[in-house]
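Here is a short briefing for someone meeting this structure for the first time. Please keep the sequence and the 3D view at hand while reading.

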Amino acid sequence: MVRWAPYVPVAERRKKAEREMVKRRKAGQAVSPVVITGRTIASSAWGKAWCDTMESFGDYDNRLPRGRTYVRNGSVVDLQIAAGKVTAQVAGSSLYAVTVTIHPLPKSHWQILRKDCAGSIDSLVDLLQGKLSKPVMERLYRPGTGLFPKSSEIKFSCSCPDWASMCKHVAATLYGIGARLDHQPELLFTLRGVDHHELITDFGHEVPLTKAPPSSANILETDDMAALFGLDMAASPVPPTEAPSQPKPAARKKKSAPAKADMELTADGYVKWWKD
């Protein structure tokens, strides 16, 4: 028979949890509470998609409502997301430790996902904000072969005495993940053990995120062209940039005019010529 702890008001639970978190901060431990503003747990594309995926699992239905209440009232006083694991501290009658283990995305699934999205994602900002076409986002959201895990790929434990497979503290942690993705969507890729930058590049090719002009290192010099085409360009004369002008024909020498000649009629009737 399970003996339940006496009910502790929410305000008192939070004060006790906050005092414990202050102690941990002073000891140098990182503390990151989940803070919900208003009634909406998650408002971003990634955060809402995560919560919708959790709610789509039929075996989670009976425990998730209590988890929504806990995460909204600030009971998740610390939540840390790392590769394949989420750890949380949830304030209940005591401060309970929750661990959620998620299988990493298989490399074969990641390669197929990259190939399917190749050429469709060219902005890191658009990816993290979920501002992609509907078919691309649906492909990324798909449980199992997309970025979200199937229910069979999620394991969890809690230090509370609840015998149920999913207690309200675990449910609050799952919702807390969705709320955290509102502000840090890249943590979903961390959780599944993949690098979100790889979705920006063409499949199988590493290209910059922006279309920048080619660097000088990527421009073939004259020597590179010679090596590329197997030519001995050093032995060949460099062709002139402009066609050489045709040589003008040599000027013809003008024939000298005959010297001025005079004539004189001699006494015997002959003509006498002489030149200057």
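H196 touches L124, L127, L128, E186 and F189, leaving aside residues up to four places away in sequence; contact here means heavy atoms within 4.5 Å. This is a predicted model, in which local features need pLDDT of at least 70 and side-chain atom pairs count only at pLDDT 80 or more, while totals for chains, interfaces and linings use all residues. Residues are numbered from 1 along each chain as its sequence is written, and side-chain values use heavy atoms, with hydrogens and water left out.

**Around H196**

- H196 sits in the loop between α8 and α9. Helices (H or I, at least four residues) and strands (E, at least two) are DSSP runs, numbered from the N terminus.
- H196 is buried, at 12% relative accessible area. Buried means under 20% relative accessible area, exposed over 50%, and partly exposed in between (1.4 Å probe, protein chains only).

**The chain as a whole**

- The protein chain has nine helices and six strands.
- It counts 276 residues, and 34% of them are buried.
- Take the contacts in the protein chain between residues at least 6 apart in sequence: 68% join residues at least 24 apart.
- The accessible surface of the protein chain is about 18,100 Å². Carbon and sulfur atoms account for 55% of that surface. Accessible areas come from the Shrake-Rupley method with a 1.4 Å probe, and for residues only the protein chains shown count as cover.

- V98 belongs to strand β3 (residues 95-102). V98 is buried, at 1% relative accessibility.
- V98 touches V86, T87, A88, V90, S157, C158, H169, V170 and T173, not counting residues up to four places away in sequence.
- V98 and V76 are 22 residues apart along the chain. Their C-alpha atoms are separated by 9.9 Å.
- F156 lies in strand β4. F156 is partly exposed, with a relative accessible area of 21%.
- The contacts of F156 are Y60, T99, V100, S165, M166 and V170, again not counting residues up to four places away in sequence.
- F156 and K85 are 71 residues apart in sequence, yet 9.6 Å apart in space, C-alpha to C-alpha.

- P161 is in the loop between β4 (154-158) and α7 (168-183). P161 counts as partly exposed, at 47% relative accessibility.
- P161 and Y96 are 65 residues apart in sequence. In space, the pair is 9.7 Å apart, C-alpha to C-alpha.

**Salt bridges**

- Side chains of opposite charge can pair when their charged atoms come close.
- The structure holds five salt bridges. A salt bridge is a side-chain nitrogen of Lys or Arg within 4 Å of a carboxyl oxygen of Asp or Glu.
- R68 forms a salt bridge with E55, and the closest N and O atoms are 3.5 Å apart. R68 lies in helix α3 (residues 64-72) and E55 in helix α2 (residues 45-55), so the pair ties together parts that are 13 residues apart in sequence.
- R68 is partly exposed at 23% relative accessible area, and E55 is partly exposed at 35%.
- E198 and R114 meet in a salt bridge through their side chains (3.9 Å, N to O). E198 is in the loop between α8 (186-192) and α9 (222-229) and R114 in helix α4 (residues 107-117), so the pair ties together parts that are 84 residues apart in sequence.
- E198 is partly exposed at 28% relative accessible area, whereas R114 is buried at 10%.
- D116 and R139 also form a salt bridge between their side chains (2.9 Å, N to O). This pair links distant parts of the chain, with D116 in helix α4 and R139 in helix α6 (residues 134-141), 23 residues apart.
- D116 is partly exposed at 44% relative accessibility, whereas R139 is buried at 10%.

**A charged patch**

- K15, K16, R19 and K23 gather in a patch of positive charge on the surface.
- Patches are made of residues with over 30% relative accessible area and no salt bridge; like charges are joined within 9 Å, and nonpolar side chains (Val, Leu, Ile, Met, Phe, Trp, Tyr) within 5 Å.
- Lys and Arg count as positive and Asp and Glu as negative, while His and the chain ends are not counted. The place of a charge is taken as NZ of Lys, CZ of Arg, CG of Asp or CD of Glu.
- K23 is found in helix α1 (residues 10-26). K23 is exposed, with 57% relative accessible area.
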